[in-house]
Amino acid sequence: MNLSEKLNAIDSYPFHMPGHKRNSDFQIPCAEIDITEINGFDNLHNPTEMLADMQKDLAEIYGFKKSIISVNGSTCCILAAVSALCRKGDKIIIARNCHKSVYNACFINNLDVVYIEPEYDYEFGVYTRINQSTVDEAVKGNPDACAVVITSPTYEGFISRINCPIPLIIDAAHGAHFGLCDYLPKKQEADIVIQSLHKTLPALTQTAVVHINNEKYYYQVKKYMDIFESSSPSYVLLSSVDRCIDFLKNRKSFFERYKTLLEDFYSKAERLNNLKLLKNDDKSRIVVMSNSISGVELADILRSKYNIEAEGATLNYIILISTVCDTAEGFKRLYNALSETDRQEGSFTPYCKKPSIPEKIFNSYDINCGNPCDLNNCIDKISAEYVFAYPPGIPIIVPGEKISKATVEEINGLIVNGVNIISDSSLLPNKILVY
């Protein structure tokens with residue numbers, strides 16, 4: 001009996017956590033399978049039975065040496081991976097378009113960060129792939145670096161395939177569907193690869209997995225997973241991982257249907273005129289730009305007129321995540337909405353200037369306090385917090401960096417155009433913390 005089946009068969013009376021006691025009178029969703037580490041249900045922090053089998057299954061399905069399940073998302077895995085490979089004060093090389101969780105891992109470990117930049121698409125205004133030569137140059141110039149961290153695939157679906165002579169961590173949170181069928185990208189190869197099951201597969205939010213391909217790092221990663229992950233892992237989430245694994249073992253027909261739906265959508269999308277689709281590396285990630293309206297406006301139209309919620313909206317484009325769980329009706333609704341919106345009149349000039357990396361004055365961990373300052377008066381001051389568009393959570397400016405006029409103009413421009421810009425202090429849109 002697997003975990004899901006066993007949870008559904010529970011009939012003991014719970015004189016244990018959680019406090020809802022699986023009592024249906026309180027109408028708490030999923031309470032009937034929400035338990036703690038009772039006898040016979042294994043322990044994620046010391047798995048020896050069904051949870052250990054689930055991790056072995058994931059490693060086998062994806063082709064890695066070891067896999068560890070996370071119910072605290074890819075964020076937990078990233079914190080653990082970076083902490084496992086680096087010591088306090090080490091130097092680390094990271095891609096500038098990494099998720100904020102990578103920056104947080106660097107912050108809590110007092111790491112000296114060296115940035116590498118991916119290539120840039122000036123038509124859409126988006127980072128794309130990291131060149132092998134860029135990594136080689138950074139590693140050669142920083143022989144004392146403890147690791148390299150990159151994001152692949154990116155939020156927009158670009159993939160970097162690189163080799164690295166020092167430990168390589170790949171944040172592949174958006175790539176859990178890679179390697180599962182022949183028409184989708186092959187899996188990522190690195191010492192440590194992190195995937196969010198919930199982003200592109202049938203699994204509940206917060207479910208993720210960290211794959212370890214270099215076994216000498218396994219016990220350190222496991223140690224830090226136990227530190228960063230909740231000591232009360234949700235069995236509701238673990239049950240969804242179990243169901244996801246069952247799906248992966250029997251995935252062929254589902255992915256065949258998905259291939260047909262994707263091919264049909266893209267063949268129709270060729271008829272669009274004012275709407276352009278980004279040519280990325282992952283066809284499941286649909287990125288759309290309009291010649292007449294902004295990405296924010298396009299997302300608003302899809303939401304208000306067609307009841308379609310996009311994954312994210314930037315100033316220039318929207319991001320639509322398709323997965324094997326999408327239906328023919330869903331794709332039909334999307335194409336019809338895009339086809340009608342394709343005739344939208346207007347004149348929009350995208351902002352596609354390549355972001356400049358602000359000057360680093362201090363390491364981020366040197367900045368542990370700050371004072372509120374009017375955004376328009378903080379030019380040449382030192383940021384004391386992260387400012388980023390969410391989604392995807394890639395920092396525009398990092399604590400310890402000098403705030404330039406261009407950065408202020410970029411932040412103001414994004415806010416004015418309706419892009420969701422946030423900061424640690426939540427003082428925006430008017431103020432940010434400076435050092």
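How many cavities of 30 Å³ or more does the structure hold? The structure holds two.

The model is a predicted one, in which local features need pLDDT of at least 70 and side-chain atom pairs count only at pLDDT 80 or more, while totals for chains, interfaces and linings use all residues. Residues are numbered from 1 along each chain as its sequence is written, and side-chain values use heavy atoms, with hydrogens and water left out.

**Cavities and a pocket**

Rolling a probe the size of a water molecule over the atoms shows where empty space is left. On a 1 Å grid over the protein atoms alone, a cavity is a set of points where a 1.4 Å probe fits but cannot get out, and a pocket is an open set with protein on both sides within 12 Å along at least five of seven lines; lining residues have an atom within 4 Å of a point. Grid points are joined across faces, edges and corners, and a volume is the space filled by probe spheres set on the points. In the classes below, Ala, Val, Leu, Ile, Met, Phe, Trp, Tyr, Cys and Pro count as nonpolar, Asp, Glu, Lys and Arg as charged, and the others, Gly among them, as polar.

| Space | Volume | Lining by class |
|---|---|---|
| Largest cavity | about 70 Å³ | nine nonpolar, two polar, two charged residues |
| Second largest cavity | about 30 Å³ | three nonpolar, five polar, no charged residues |
| Second largest pocket | about 330 Å³ | seven nonpolar, two polar, four charged residues |

About 70 Å³ of space lies in the largest cavity. Of its 13 lining residues, Val113, Tyr115, Ser364, Val398 and Pro399 are the closest to the centre. Helix H4 (100-108) and strand E3 are the elements that give two or more residues to this lining. Helices (H or I, at least four residues) and strands (E, at least two) are DSSP runs, numbered from the N terminus.

The second largest cavity is lined by His177, Thr200, Phe255, Tyr258, Ser284, Ser322, Thr323 and Val324.

The second largest pocket has a volume of about 330 Å³. Among its 13 lining residues, Ile308, Glu309, Leu320, Ile321 and Asp326 are the closest to its centre. Strand E13 (317-321) and helix H11 each give two or more residues to this lining, and the largest share, four residues, comes from H11.

**Helix packing**

Helix H11 (residues 328-341) also packs with helix H9 (residues 252-269): their axes come within 10 Å and cross at roughly 10°. Axes are lines fitted to C-alpha atoms, for helices over the stretch in contact, and angles run from 0 to 180 degrees between N-to-C directions. H9 and H11 are therefore roughly parallel to each other, a term for angles under 35 degrees. In their contact (heavy atoms within 4.5 Å), H9 contributes Arg257, Tyr258, Leu261, Leu262, Phe265, Lys268 and Ala269, and H11 contributes Ala328, Phe331, Leu334, Tyr335 and Leu338. By class, these residues divide into ten nonpolar, no polar and two charged. Tyr258 of H9, part of this contact, is also among the residues that line the second largest cavity.

**Sheets**

Seven strands form an open sheet of mixed pairing, in the order E1-E9-E8-E7-E6-E2-E3. Two strands pair if DSSP finds at least two bridges between them. Strand E1 (66-70) and strand E3 (112-116) are the edge strands, each pairing on one side only. Neighbouring strands of the sheet are turned by 20° against each other on average, direction ignored. Within the sheet, strand E8 (residues 192-196) and strand E9 (residues 208-212) run antiparallel and are joined by five bridges; isoleucine 192 stands opposite isoleucine 212 in E9. Helix H5 (residues 132-141) lies across strand E2 (91-95), E3 and strand E6 (145-151), and runs at about 150° to E3.

A further open sheet has four strands in the order E10-E11-E13-E12, with antiparallel pairing. Its edge strands are strand E10 (275-277) and strand E12 (312-313). Three bridges pair E10 with strand E11 (residues 285-290), and lysine 276 stands opposite methionine 289 in E11.

**Backbone features in loops**

The peptide bond from serine 152 to proline 153 is cis, with omega near 10°; proline 153 lies in the loop between E6 and strand E7 (168-171). The bond from tyrosine 390 to proline 391 is also cis, with omega near -10°, and proline 391 lies in the loop between strand E15 (387-389) and strand E16 (394-397). Asparagine 110, in the loop between H4 and E3, has phi near 55°, a positive value in a residue other than glycine.

Technical notes
Angles under 35 degrees count as roughly parallel, over 145 as roughly antiparallel, 65 to 115 as roughly perpendicular and the rest as oblique.
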